[in-house]
Amino acid sequence: MSESDFRRFLRRHFTAVDLLKIILSLASGYGVALLVEDTRVAVGVLALSLLAASGAFALDRLRVATEDEITSALRATKEQVHADLNAINDQVSGHLGRMRRQLDRHVDLVHAGVRFVPDSQGEEEGDGTGYNVATEAVRKAKHRIYVVGDYSPPEGEGATLLDPPDNRSEYLDAIEECLISRLSQNGWARTTLSYHRLIQRPPEIYAEIAQRSVNGVELSREDMDGDLQAFGHLDRVMEIAGRAGANHRIDIQMRLIPFLPNCPSILLVDDEELQFTIPTRIDQPGDRFALLGLHGVMVMEDRASGSQLCDHFDSLFSRLKTKSLPIVKVLS
(Lines give C-alpha, C1' and ligand atoms only; values in the text may rest on other atoms or scores of the structure.)
Protein backbone atom coordinates (compact mmCIF):
# COMPACT_ATOMS: atom_id res chain seq x y z
CA MET A 1 0.00 0.00 0.00
CA SER A 2 1.46 3.40 -0.96
CA GLU A 3 1.78 6.29 1.46
CA SER A 4 -1.09 8.17 -0.11
CA ASP A 5 -3.34 5.08 0.05
CA PHE A 6 -2.41 4.61 3.72
CA ARG A 7 -3.32 8.22 4.48
CA ARG A 8 -6.69 7.85 2.76
CA PHE A 9 -7.32 4.65 4.77
CA LEU A 10 -6.54 6.41 8.08
CA ARG A 11 -8.62 9.44 7.13
CA ARG A 12 -11.61 7.23 6.33
CA HIS A 13 -11.43 4.62 9.13
CA PHE A 14 -9.42 6.14 12.03
CA THR A 15 -11.52 8.76 13.85
CA ALA A 16 -10.89 10.86 16.97
CA VAL A 17 -13.04 8.47 18.96
CA ASP A 18 -10.75 5.60 18.00
CA LEU A 19 -7.76 7.64 19.22
CA LEU A 20 -9.55 8.32 22.50
CA LYS A 21 -10.12 4.59 22.95
CA ILE A 22 -6.40 3.91 22.56
CA ILE A 23 -5.49 6.61 25.10
CA LEU A 24 -7.99 5.22 27.56
CA SER A 25 -6.60 1.73 27.11
CA LEU A 26 -3.10 3.02 27.86
CA ALA A 27 -4.36 4.91 30.89
CA SER A 28 -6.11 1.79 32.16
CA GLY A 29 -2.92 -0.18 31.79
CA TYR A 30 -0.97 2.49 33.59
CA GLY A 31 -3.51 2.52 36.40
CA VAL A 32 -3.18 -1.19 36.80
CA ALA A 33 0.58 -0.77 37.05
CA LEU A 34 0.16 1.86 39.75
CA LEU A 35 -1.85 -0.57 41.90
CA VAL A 36 1.38 -2.12 42.86
CA GLU A 37 2.92 1.11 44.29
CA ASP A 38 0.09 3.51 45.33
CA THR A 39 -3.36 2.12 45.72
CA ARG A 40 -5.15 5.44 46.03
CA VAL A 41 -3.67 6.92 42.89
CA ALA A 42 -4.34 3.73 40.92
CA VAL A 43 -7.95 3.66 42.04
CA GLY A 44 -8.41 7.29 40.95
CA VAL A 45 -6.87 6.65 37.58
CA LEU A 46 -9.02 3.59 37.01
CA ALA A 47 -12.15 5.55 37.97
CA LEU A 48 -11.23 8.28 35.55
CA SER A 49 -10.52 5.68 32.87
CA LEU A 50 -13.90 4.05 33.38
CA LEU A 51 -15.62 7.47 33.12
CA ALA A 52 -13.71 8.35 29.97
CA ALA A 53 -14.41 4.94 28.43
CA SER A 54 -18.12 5.37 29.09
CA GLY A 55 -17.97 8.78 27.39
CA ALA A 56 -16.07 7.28 24.45
CA PHE A 57 -18.62 4.55 23.94
CA ALA A 58 -21.41 7.16 24.17
CA LEU A 59 -19.66 9.24 21.50
CA ASP A 60 -19.26 6.14 19.36
CA ARG A 61 -22.99 5.40 19.57
CA LEU A 62 -23.73 9.04 18.75
CA ARG A 63 -21.45 8.79 15.71
CA VAL A 64 -23.29 5.70 14.47
CA ALA A 65 -26.65 7.37 14.97
CA THR A 66 -25.44 10.51 13.18
CA GLU A 67 -24.13 8.48 10.25
CA ASP A 68 -27.50 6.70 9.90
CA GLU A 69 -29.34 10.00 9.95
CA ILE A 70 -26.96 11.47 7.40
CA THR A 71 -27.29 8.40 5.16
CA SER A 72 -31.08 8.55 5.40
CA ALA A 73 -31.07 12.28 4.70
CA LEU A 74 -28.75 11.79 1.72
CA ARG A 75 -31.00 9.05 0.36
CA ALA A 76 -34.10 11.23 0.73
CA THR A 77 -32.31 14.16 -0.89
CA LYS A 78 -31.15 11.97 -3.76
CA GLU A 79 -34.70 10.72 -4.34
CA GLN A 80 -36.08 14.28 -4.22
CA VAL A 81 -33.43 15.53 -6.63
CA HIS A 82 -34.23 12.63 -8.99
CA ALA A 83 -37.95 13.43 -8.82
CA ASP A 84 -37.27 17.14 -9.41
CA LEU A 85 -35.02 16.34 -12.39
CA ASN A 86 -37.73 14.13 -13.89
CA ALA A 87 -40.28 16.91 -13.46
CA ILE A 88 -37.91 19.45 -15.05
CA ASN A 89 -37.21 17.02 -17.91
CA ASP A 90 -40.95 16.60 -18.53
CA GLN A 91 -41.43 20.36 -18.53
CA VAL A 92 -38.49 20.89 -20.90
CA SER A 93 -39.71 18.12 -23.22
CA GLY A 94 -43.19 19.62 -23.33
CA HIS A 95 -41.80 23.08 -24.00
CA LEU A 96 -39.53 21.77 -26.76
CA GLY A 97 -42.49 19.93 -28.31
CA ARG A 98 -44.54 23.13 -28.36
CA MET A 99 -41.62 25.05 -29.85
CA ARG A 100 -41.16 22.35 -32.52
CA ARG A 101 -44.83 22.56 -33.50
CA GLN A 102 -44.65 26.36 -33.64
CA LEU A 103 -41.49 26.19 -35.76
CA ASP A 104 -43.20 23.71 -38.11
CA ARG A 105 -46.08 26.15 -38.53
CA HIS A 106 -43.65 28.99 -39.20
CA VAL A 107 -41.78 26.83 -41.71
CA ASP A 108 -45.07 26.09 -43.47
CA LEU A 109 -45.75 29.82 -43.64
CA VAL A 110 -42.29 30.38 -45.05
CA HIS A 111 -42.72 27.62 -47.64
CA ALA A 112 -46.26 28.54 -48.70
CA GLY A 113 -48.16 31.79 -48.97
CA VAL A 114 -51.93 32.19 -49.28
CA ARG A 115 -53.89 35.26 -50.29
CA PHE A 116 -57.40 35.93 -51.50
CA VAL A 117 -57.95 38.22 -54.49
CA PRO A 118 -61.55 39.48 -54.53
CA ASP A 119 -63.48 39.94 -57.74
CA SER A 120 -66.23 42.42 -58.42
CA GLN A 121 -68.19 40.23 -60.81
CA GLY A 122 -70.84 39.74 -58.15
CA GLU A 123 -71.67 43.44 -58.37
CA GLU A 124 -73.88 45.06 -60.94
CA GLU A 125 -70.88 46.29 -62.91
CA GLY A 126 -68.65 43.24 -62.60
CA ASP A 127 -65.28 43.53 -64.32
CA GLY A 128 -63.79 40.11 -63.59
CA THR A 129 -60.55 41.46 -62.09
CA GLY A 130 -60.00 38.09 -60.38
CA TYR A 131 -58.72 36.76 -63.70
CA ASN A 132 -55.89 39.29 -63.68
CA VAL A 133 -53.85 37.25 -61.18
CA ALA A 134 -54.22 34.21 -63.45
CA THR A 135 -53.01 36.26 -66.42
CA GLU A 136 -49.96 37.43 -64.45
CA ALA A 137 -49.15 33.85 -63.43
CA VAL A 138 -49.31 32.30 -66.92
CA ARG A 139 -47.19 35.07 -68.41
CA LYS A 140 -44.36 33.99 -66.07
CA ALA A 141 -44.74 30.24 -66.81
CA LYS A 142 -41.52 28.45 -67.68
CA HIS A 143 -42.45 24.79 -68.08
CA ARG A 144 -46.02 24.06 -66.96
CA ILE A 145 -49.55 25.45 -67.21
CA TYR A 146 -52.16 22.95 -65.98
CA VAL A 147 -55.84 23.91 -65.86
CA VAL A 148 -59.11 22.40 -64.75
CA GLY A 149 -61.54 24.67 -66.58
CA ASP A 150 -64.72 26.28 -65.27
CA TYR A 151 -67.83 24.15 -65.34
CA SER A 152 -70.23 25.91 -67.69
CA PRO A 153 -73.25 23.79 -68.67
CA PRO A 154 -75.75 24.82 -71.33
CA GLU A 155 -78.30 27.42 -70.41
CA GLY A 156 -80.89 26.11 -67.97
CA GLU A 157 -78.93 23.00 -66.95
CA GLY A 158 -77.21 24.56 -63.96
CA ALA A 159 -75.40 27.73 -62.98
CA THR A 160 -74.33 29.10 -66.34
CA LEU A 161 -71.27 31.27 -67.01
CA LEU A 162 -73.16 33.86 -69.04
CA ASP A 163 -71.19 36.58 -70.82
CA PRO A 164 -67.74 35.87 -69.31
CA PRO A 165 -65.78 39.05 -68.51
CA ASP A 166 -63.18 40.41 -70.87
CA ASN A 167 -60.50 39.66 -68.26
CA ARG A 168 -61.13 35.95 -68.75
CA SER A 169 -60.57 36.37 -72.47
CA GLU A 170 -57.29 38.18 -71.74
CA TYR A 171 -56.25 35.30 -69.51
CA LEU A 172 -56.90 32.76 -72.27
CA ASP A 173 -55.13 35.00 -74.79
CA ALA A 174 -52.11 35.16 -72.49
CA ILE A 175 -51.83 31.36 -72.56
CA GLU A 176 -51.92 31.33 -76.35
CA GLU A 177 -49.26 34.05 -76.50
CA CYS A 178 -46.98 32.05 -74.21
CA LEU A 179 -47.29 29.01 -76.46
CA ILE A 180 -46.62 31.00 -79.64
CA SER A 181 -43.65 32.75 -78.03
CA ARG A 182 -42.07 29.48 -76.95
CA LEU A 183 -42.72 27.91 -80.35
CA SER A 184 -41.06 30.79 -82.19
CA GLN A 185 -37.86 30.76 -80.14
CA ASN A 186 -34.68 30.11 -82.07
CA GLY A 187 -32.08 27.57 -81.06
CA TRP A 188 -32.30 24.70 -78.66
CA ALA A 189 -35.11 24.83 -76.08
CA ARG A 190 -33.88 24.10 -72.56
CA THR A 191 -37.36 23.12 -71.32
CA THR A 192 -40.71 22.16 -72.81
CA LEU A 193 -43.70 24.33 -71.99
CA SER A 194 -46.62 21.99 -71.22
CA TYR A 195 -50.18 23.25 -71.47
CA HIS A 196 -52.69 20.67 -70.27
CA ARG A 197 -56.35 21.66 -69.90
CA LEU A 198 -59.18 19.51 -68.55
CA ILE A 199 -62.62 20.69 -69.70
CA GLN A 200 -65.59 19.76 -67.49
CA ARG A 201 -68.78 18.86 -69.33
CA PRO A 202 -72.17 17.72 -68.03
CA PRO A 203 -72.36 13.92 -67.62
CA GLU A 204 -74.95 13.52 -70.41
CA ILE A 205 -72.88 15.50 -72.92
CA TYR A 206 -69.70 13.70 -71.86
CA ALA A 207 -71.36 10.30 -72.28
CA GLU A 208 -72.59 11.21 -75.77
CA ILE A 209 -69.14 12.46 -76.79
CA ALA A 210 -67.45 9.35 -75.37
CA GLN A 211 -69.81 7.10 -77.33
CA ARG A 212 -68.91 8.61 -80.68
CA SER A 213 -65.18 9.17 -79.99
CA VAL A 214 -63.18 6.05 -80.76
CA ASN A 215 -59.82 7.57 -81.62
CA GLY A 216 -60.13 10.86 -79.79
CA VAL A 217 -62.67 13.68 -79.59
CA GLU A 218 -63.56 15.83 -82.56
CA LEU A 219 -65.07 18.68 -80.57
CA SER A 220 -68.02 20.59 -82.02
CA ARG A 221 -69.47 23.93 -81.04
CA GLU A 222 -72.57 22.17 -79.66
CA ASP A 223 -70.34 20.12 -77.33
CA MET A 224 -69.22 23.35 -75.65
CA ASP A 225 -72.65 24.94 -75.40
CA GLY A 226 -72.53 27.18 -72.34
CA ASP A 227 -68.91 28.27 -72.77
CA LEU A 228 -68.25 29.31 -76.35
CA GLN A 229 -65.42 31.55 -75.16
CA ALA A 230 -63.54 28.42 -74.08
CA PHE A 231 -64.48 26.76 -77.39
CA GLY A 232 -62.76 29.55 -79.33
CA HIS A 233 -59.70 29.18 -77.12
CA LEU A 234 -59.56 25.43 -77.75
CA ASP A 235 -59.83 26.00 -81.49
CA ARG A 236 -56.85 28.39 -81.48
CA VAL A 237 -54.75 26.19 -79.17
CA MET A 238 -55.27 23.10 -81.33
CA GLU A 239 -54.18 25.16 -84.33
CA ILE A 240 -50.97 26.07 -82.46
CA ALA A 241 -50.46 22.38 -81.63
CA GLY A 242 -50.79 21.52 -85.32
CA ARG A 243 -48.13 24.09 -86.21
CA ALA A 244 -45.77 22.70 -83.57
CA GLY A 245 -45.73 19.21 -85.08
CA ALA A 246 -42.87 17.22 -83.60
CA ASN A 247 -41.34 20.35 -82.08
CA HIS A 248 -40.54 19.65 -78.42
CA ARG A 249 -40.73 23.26 -77.33
CA ILE A 250 -44.43 22.93 -76.41
CA ASP A 251 -46.63 20.05 -75.23
CA ILE A 252 -50.37 20.61 -75.63
CA GLN A 253 -53.02 18.27 -74.26
CA MET A 254 -56.69 19.26 -74.30
CA ARG A 255 -58.97 16.72 -72.63
CA LEU A 256 -62.62 16.32 -71.64
CA ILE A 257 -63.69 15.06 -68.21
CA PRO A 258 -67.16 14.63 -66.75
CA PHE A 259 -68.37 17.29 -64.31
CA LEU A 260 -66.61 17.11 -60.92
CA PRO A 261 -68.99 18.27 -58.17
CA ASN A 262 -67.50 20.86 -55.81
CA CYS A 263 -64.42 21.26 -58.02
CA PRO A 264 -63.48 24.87 -58.70
CA SER A 265 -61.40 25.98 -61.64
CA ILE A 266 -57.76 25.12 -60.87
CA LEU A 267 -54.63 26.71 -62.31
CA LEU A 268 -51.20 25.19 -61.64
CA VAL A 269 -48.18 27.13 -62.91
CA ASP A 270 -44.70 25.56 -62.79
CA ASP A 271 -43.73 24.49 -59.25
CA GLU A 272 -44.59 27.86 -57.82
CA GLU A 273 -48.25 28.85 -57.93
CA LEU A 274 -51.68 27.33 -57.47
CA GLN A 275 -54.96 29.18 -57.96
CA PHE A 276 -58.60 28.29 -57.25
CA THR A 277 -61.61 30.25 -58.43
CA ILE A 278 -64.33 30.79 -55.84
CA PRO A 279 -67.67 30.90 -57.73
CA THR A 280 -70.80 32.74 -56.70
CA ARG A 281 -74.36 33.30 -57.92
CA ILE A 282 -75.05 36.56 -59.72
CA ASP A 283 -78.61 35.92 -60.96
CA GLN A 284 -81.34 38.24 -59.74
CA PRO A 285 -84.95 37.58 -58.72
CA GLY A 286 -86.99 36.96 -61.83
CA ASP A 287 -84.12 35.47 -63.88
CA ARG A 288 -85.08 32.32 -65.75
CA PHE A 289 -82.00 30.34 -64.64
CA ALA A 290 -79.00 30.53 -62.34
CA LEU A 291 -76.05 32.64 -63.42
CA LEU A 292 -72.51 31.85 -62.36
CA GLY A 293 -70.15 34.61 -61.28
CA LEU A 294 -66.70 34.88 -59.74
CA HIS A 295 -66.43 35.79 -56.08
CA GLY A 296 -62.65 35.82 -56.11
CA VAL A 297 -59.47 33.79 -56.53
CA MET A 298 -57.50 31.94 -53.85
CA VAL A 299 -53.82 32.25 -54.70
CA MET A 300 -51.30 29.89 -53.11
CA GLU A 301 -47.57 30.35 -53.59
CA ASP A 302 -45.36 27.29 -53.18
CA ARG A 303 -41.94 28.48 -51.95
CA ALA A 304 -40.54 24.99 -51.49
CA SER A 305 -39.97 24.16 -55.19
CA GLY A 306 -43.30 22.38 -55.46
CA SER A 307 -43.02 20.00 -52.51
CA GLN A 308 -45.41 21.95 -50.29
CA LEU A 309 -48.39 22.25 -52.67
CA CYS A 310 -47.77 21.87 -56.38
CA ASP A 311 -46.55 18.26 -56.38
CA HIS A 312 -49.80 17.12 -54.74
CA PHE A 313 -51.91 18.76 -57.43
CA ASP A 314 -49.65 17.43 -60.16
CA SER A 315 -50.71 13.98 -58.91
CA LEU A 316 -54.35 15.09 -59.03
CA PHE A 317 -54.01 16.09 -62.69
CA SER A 318 -52.34 12.77 -63.48
CA ARG A 319 -55.28 10.84 -62.01
CA LEU A 320 -57.87 12.97 -63.81
CA LYS A 321 -56.10 12.48 -67.14
CA THR A 322 -56.56 8.71 -66.87
CA LYS A 323 -60.36 9.26 -66.83
CA SER A 324 -60.41 11.80 -69.66
CA LEU A 325 -60.98 11.91 -73.42
CA PRO A 326 -58.27 13.54 -75.56
CA ILE A 327 -59.33 16.21 -78.03
CA VAL A 328 -57.73 15.58 -81.42
CA LYS A 329 -59.62 18.15 -83.45
CA VAL A 330 -61.89 21.16 -83.03
CA LEU A 331 -64.66 21.52 -85.62
CA SER A 332 -64.89 25.29 -86.04
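Which residue in S8 is the bridge partner of Leu274? In strand S8, that partner is Met300. The structure is a predicted model, in which local features need pLDDT of at least 70 and side-chain atom pairs count only at pLDDT 80 or more, while totals for chains, interfaces and linings use all residues. Residues are numbered from 1 along each chain as its sequence is written, and side-chain values use heavy atoms, with hydrogens and water left out.

**Strands S7 and S8**

- Strands S7 (273–281) and S8 (292–302) pair in the antiparallel sense over nine bridges; two strands pair if DSSP finds at least two bridges between them.
- Helices (H or I, at least four residues) and strands (E, at least two) are DSSP runs, numbered from the N terminus.
- Eight of the eleven residues of S8 are buried, so this strand is largely enclosed by the rest of the structure; buried means under 20% relative accessible area, exposed over 50%, and partly exposed in between (1.4 Å probe, protein chains only).

**Cavities**

- There are two cavities of 30 Å³ or more. On a 1 Å grid over the protein atoms alone, a cavity is a set of points where a 1.4 Å probe fits but cannot get out, and lining residues have an atom within 4 Å of a point.
- The largest cavity has a volume of about 140 Å³, a volume being the space filled by probe spheres set on the grid points, which are joined across faces, edges and corners.
- Of the 18 residues lining the largest cavity, Tyr131, Ala134, Tyr171, Ser265 and Thr277 are the closest to its centre.
- Helices H4 (131–139) and H5 (166–183) and strands S6 (266–269), S7 and S8 each give two or more residues to the lining of the largest cavity.
- By class, the lining of the largest cavity has ten nonpolar, five polar and three charged residues. Ala, Val, Leu, Ile, Met, Phe, Trp, Tyr, Cys and Pro count as nonpolar, Asp, Glu, Lys and Arg as charged, and the others, Gly among them, as polar.
- The second largest cavity holds about 70 Å³ of space. Of its 13 lining residues, Arg197, Ile199, Met224, Asp227 and Ala230 are the closest to its centre.
- Strand S3 (193–201) and helix H7 (228–244) each give two or more residues to the lining of the second largest cavity, and S3 gives the most, with four residues.

**An aromatic pair**

- The structure holds four aromatic pairs. Rings of Phe, Tyr and Trp (its six-membered ring) pair if their centres lie within 6.5 Å; planes under 30 degrees apart count as stacked, over 60 as edge-to-face and the rest as tilted.
- The rings of Tyr146 and Phe317 have centres 5.3 Å apart and planes at 50 degrees, so this pair is tilted.
- Tyr146 lies in strand S2 (residues 144–148) and Phe317 in helix H8 (residues 310–322), 171 residues apart. Both Tyr146 and Phe317 are buried.

- Cys310 is found in helix H8 and counts as buried at 0% relative accessibility.
- Leaving aside neighbours within four places in sequence, Cys310 is in contact (heavy atoms within 4.5 Å) with residues including Arg144, Leu268 and Asp270.
- Cys310 and Leu274 are 36 residues apart in sequence and 6.8 Å apart in space, C-alpha to C-alpha.
- Asp270 is in the loop between S6 and S7 and is buried at 2% relative accessibility.
- Phi of Asp270 is near 50 degrees, a positive value in a residue other than glycine. Most residues other than glycine have a negative phi.

Key. 1 Å grid on protein atoms, 1.4 Å probe; cavity = no way out; pocket = protein on both sides within 12 Å on 5 of 7 lines; lining within 4 Å.
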